[in-house]
Amino acid sequence: MTGLLVAGAVAVAGGAGSVLRLLVDTWVGQRSSGRFPWGIVAVNVTGSFLIGLAVGLLDDGVTRTVVATGFLGGYTTFSTASLDSARLALRGRGGRAVAHAVGTAAVCVAAAWLGLLLT
């Protein structure tokens, strides 16, 4: 597959991952109190686990690139998680902001590790 075709596949997969992120974030957010960004936490933890699985299971470099970089890169979001922490801090919820930032990072690394370990 040529570089341009791979880039196109990554773009399409990234778009699909972004749509799934929106759906999962909205679904989880509607079922929580709204005081804490559980939707993005759920997205990033599940995405981290899935990227660990994908990297461990997919031998083909192109397939792994499309799935891990494209789809799961579009699905997960470090920038939104960072924004959520900043918003919590600006709302005077400093403890929750720190818990969110540190907790999300720790749980996401553990989820990726578990995904790799299972493969």
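Trainee: Hi! Which side chain of opposite charge is nearest to Asp-84, and how far away is it?
Mentor: Hello! That would be Arg-87, 4.4 Å away. Asp-84 is buried, yet it has no salt bridge. Keep in mind that this is a predicted model.

Trainee: Thanks. Where does Asp-84 sit?
Mentor: Asp-84 is in helix H4, which covers residues 78-90.

Trainee: And what does Asp-84 touch, leaving out residues up to four places away in sequence?
Mentor: Asp-84 touches Pro-37, Ile-40 and His-100 on that count.

Trainee: Let's step back a bit. How many helices and strands are there in the protein?
Mentor: The protein has five helices and zero strands. Reading from the N terminus, the order of elements is α-α-α-α-α.

Trainee: What about the overall dimensions of the C-alpha atoms?
Mentor: Taken along the principal axes, the C-alpha atoms fill a box of roughly 50 × 30 × 20 Å.

Trainee: What share of the residues counts as buried?
Mentor: Of the 119 residues, 30% count as buried. As for the accessible surface, it comes to about 6900 Å², and carbon and sulfur atoms account for 71% of that.

Trainee: Among contacts between residues at least 6 apart in sequence, what share joins residues at least 24 apart?
Mentor: The share is 72% for this protein.

Trainee: New topic: Ser-48. Is it buried or exposed?
Mentor: Ser-48 counts as buried, because its relative accessibility is 13% and the cut-off for buried is under 20%. Ser-48 belongs to helix H2, residues 38-57.

Trainee: Which residues does Ser-48 touch, again not counting those up to four places away?
Mentor: Ser-48 touches Thr-76, Cys-108, Ala-111 and Ala-112.

Trainee: Now the outside. Which residues form a nonpolar patch on the surface?
Mentor: Trp-113, Leu-114, Leu-117 and Leu-118 form the patch, and together they have about 450 Å² of accessible area. One of them, Leu-114, lies in helix H5, residues 94-118.

Trainee: Last one, on charges. How many positive and negative side chains are there?
Mentor: There are 8 positive and 4 negative side chains, and the centres of the two sets are 18 Å apart. Asp-84, where we began, is a buried residue without a salt bridge.

Methods:
Residues are numbered from 1 along each chain as its sequence is written. This is a predicted model: local features need pLDDT of at least 70, side-chain atom pairs count only at pLDDT 80 or more; totals for chains, interfaces and linings use all residues. Side-chain values use heavy atoms; hydrogens and water are left out. Patches are made of residues with over 30% relative accessible area and no salt bridge: like charges are joined within 9 Å, nonpolar side chains (Val, Leu, Ile, Met, Phe, Trp, Tyr) within 5 Å. Accessible areas come from the Shrake-Rupley method with a 1.4 Å probe; for residues, only the protein chains shown count as cover. A salt bridge is a side-chain nitrogen of Lys or Arg within 4 Å of a carboxyl oxygen of Asp or Glu. Helices (H or I, at least four residues) and strands (E, at least two) are DSSP runs, numbered from the N terminus. Buried means under 20% relative accessible area, exposed over 50%, partly exposed in between (1.4 Å probe, protein chains only). Contact means heavy atoms within 4.5 Å. Lys and Arg count as positive and Asp and Glu as negative; His and the chain ends are not counted. The place of a charge is taken as NZ of Lys, CZ of Arg, CG of Asp or CD of Glu.
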